[in-house]
Amino acid sequence: MTGTLPLFPLGTVLFPGLVLPLHIFEERWRTLMRNLMELPDGTPREFGVVAIERGLEVMPPPHDGIATSEVVVHEVGCVAQLRQITELPDGKFDIVTVGARRFRITGFVPSPHPYPVVGVEWLPDPAPDELADQLAPRVLAAFREYLGVLRGGPDDQLPDDPTVLSNLVAASASLTVGDRQQLLSAPDPASRLRQELAILARETALLREVRAVPAQLSQLGPAPAMN
C-alpha cells in the first residue's frame with residue numbers, strides 16, 4: 001500500500017512505539033502543526049520522521065513544493081503520531097509524538113505547503129517468529145549487561161516481547177544514527193534482534209576497554225581558566 005506524508009527530517013531515528021518530544025520553532029513546521037490541528041476530529045494527526053543523512057535539520061525552502069538536494073535523507077522512516085500539542089505565546093509549539101508504522105520514501109511530490117511532502121510505501125510489520133522468540137532472551141541479557149557497564153547497574157523494567165524489545169534497544173542504546181537507521185530498516189524483528197546482538201557485544205566491549213584504560217590529565221583537554 002502507498003500514501004503521502006508531510007516529511008519532517010531530523011538528526012535522529014524514530015522507532016515504532018517510542019515517544020519523541022519535539023520543540024517546533026521554524027515557521028514551516030509551525031504551519032504543519034497548525035494544519036494538523038485543523039484536521040477534522042477522528043483524522044490521524046501524523047507526519048513522517050526520517051533521519052538526515054547529509055545536511056542540516058533546518059532545511060532550505062522547497063522550490064515549487066519539491067525539496068531541494070541540499071538535504072539528503074534516509075529512505076526508510078517512521079510515522080510520528082501527534083499525541084500532545086501545546087502552542088506557546090510566541091507561536092512555537094511543544095509536542096509529544098509516538099512512533100507508528102514504518103515507511104519507505106518513493107519520492108518527493110508537488111505540494112502547496114512550505115514543508116516537504118513525500119510519497120511513501122508502507123513497510124510490513126511482521127509478527128515475531130520462532131527465531132525472534134529464541135533471540136529475544138539473548139538480546140535482553142546482552143542489553144542488561146550493556147546497561148550495567150554503561151550506568152553501573154541494569155534496568156529491571158525491560159520488556160521481553162521481541163518486537164518491543166528490538167525497538168527499545170535500537171532507540172535507547174548509545175548508537176550512531178547509521179546504526180539506528182540500519183536497525184529501523186531491518187525487515188523483521190528477528191533480523192533486528194540478530195543485528196543488535198552484534199552491536200551490543202561491540203558496544204559493551206568498547207565501554208569496558210575505555211573504562212579499563214586510565215587517562216592522563218593531559219588527554220582530557222586543557223584545564224579550565226581560573227579567575
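Q: In what order do the elements of the protein run from the N terminus on?
A: The order is β-β-α-β-β-β-β-β-α-α-α-α, with five helices and seven strands in the protein. Helices (H or I, at least four residues) and strands (E, at least two) are DSSP runs numbered from the N terminus. This is a predicted model, in which local features need pLDDT of at least 70 and side-chain atom pairs count only at pLDDT 80 or more, while totals for chains, interfaces and linings use all residues. Residues are numbered from 1 along each chain as its sequence is written, and side-chain values use heavy atoms, with hydrogens and water left out.

Q: What makes Phe8 count as buried?
A: Buried means under 20% relative accessible area, exposed means over 50%, and partly exposed is in between (1.4 Å probe, protein chains only). Phe8 has 5% relative accessibility, so Phe8 counts as buried. Phe47, at 0%, is buried too. Of the 227 residues of the protein, 44% count as buried.

Q: Why is the pair of Phe8 and Phe47 called tilted?
A: A pair of aromatic rings is described by the distance of the centres and the angle of the planes. Rings of Phe, Tyr and Trp (its six-membered ring) pair if their centres lie within 6.5 Å; planes under 30 degrees apart count as stacked, over 60 as edge-to-face and the rest as tilted. The centres of Phe8 and Phe47 are 5.6 Å apart and the planes are at 40°, so the pair falls in the tilted class. Phe8 lies in strand β1 and Phe47 in strand β3, 39 residues apart. Together with Trp29, Phe8 and Phe47 form one aromatic cluster.

Q: Why is the pair of Phe143 and Tyr146 called stacked?
A: The ring centres of Phe143 and Tyr146 are 6.1 Å apart and the planes are at 15°, so the pair is stacked. Phe143 and Tyr146 are three residues apart in helix α2, which means that about one helical turn separates them. Both Phe143 and Tyr146 are buried. A search of the whole structure finds three aromatic pairs.

Q: How do you know that β1 pairs with β7 and with β3?
A: Two strands pair if DSSP finds at least two bridges between them. Strand β1 (residues 2-10) is joined to β7 by five bridges, and these strands run antiparallel. Four bridges join β1 to strand β3 (residues 46-54), and here the strands run parallel. Each of these counts meets the cut-off, so β1 pairs with β7 and with β3. Pro6 has Val117 in β7 as its bridge partner, and Phe8 stands opposite Val49 in β3.

Q: How do you know that Arg104 forms a salt bridge with Glu75?
A: Side chains of opposite charge can pair when their charged atoms come close. A salt bridge is a side-chain nitrogen of Lys or Arg within 4 Å of a carboxyl oxygen of Asp or Glu. The closest N and O atoms of Arg104 and Glu75 are 3.3 Å apart, so the pair qualifies. Arg104 is in strand β6 (residues 93-108), and Glu75 is in the loop between β4 (72-73) and β5 (76-87). Arg104 also meets Glu121 in a salt bridge, at 3.4 Å from N to O. Glu121 lies in strand β7 (residues 117-122) and Arg104 in β6, so this pair ties together parts 17 residues apart in sequence.

Q: What makes Arg104 count as partly exposed?
A: Arg104 has a relative accessible area of 26%, so Arg104 falls in the partly exposed class. Glu75, at 46%, is partly exposed, and so is Glu121, at 30%.

Q: Which residues have the most contacts inside the largest nonpolar core?
A: Val139, Phe143, Tyr146, Leu165, Leu193 and Leu200 do, in a core of 29 residues. A nonpolar core is a set of buried Ala, Val, Leu, Ile, Met, Phe, Trp, Tyr and Cys residues joined through side-chain atoms within 4.5 Å. The largest share of this core, ten residues, comes from α2. Apart from it lies another core, of 19 residues, among them Phe8, Leu22, Met33 and Ala80.
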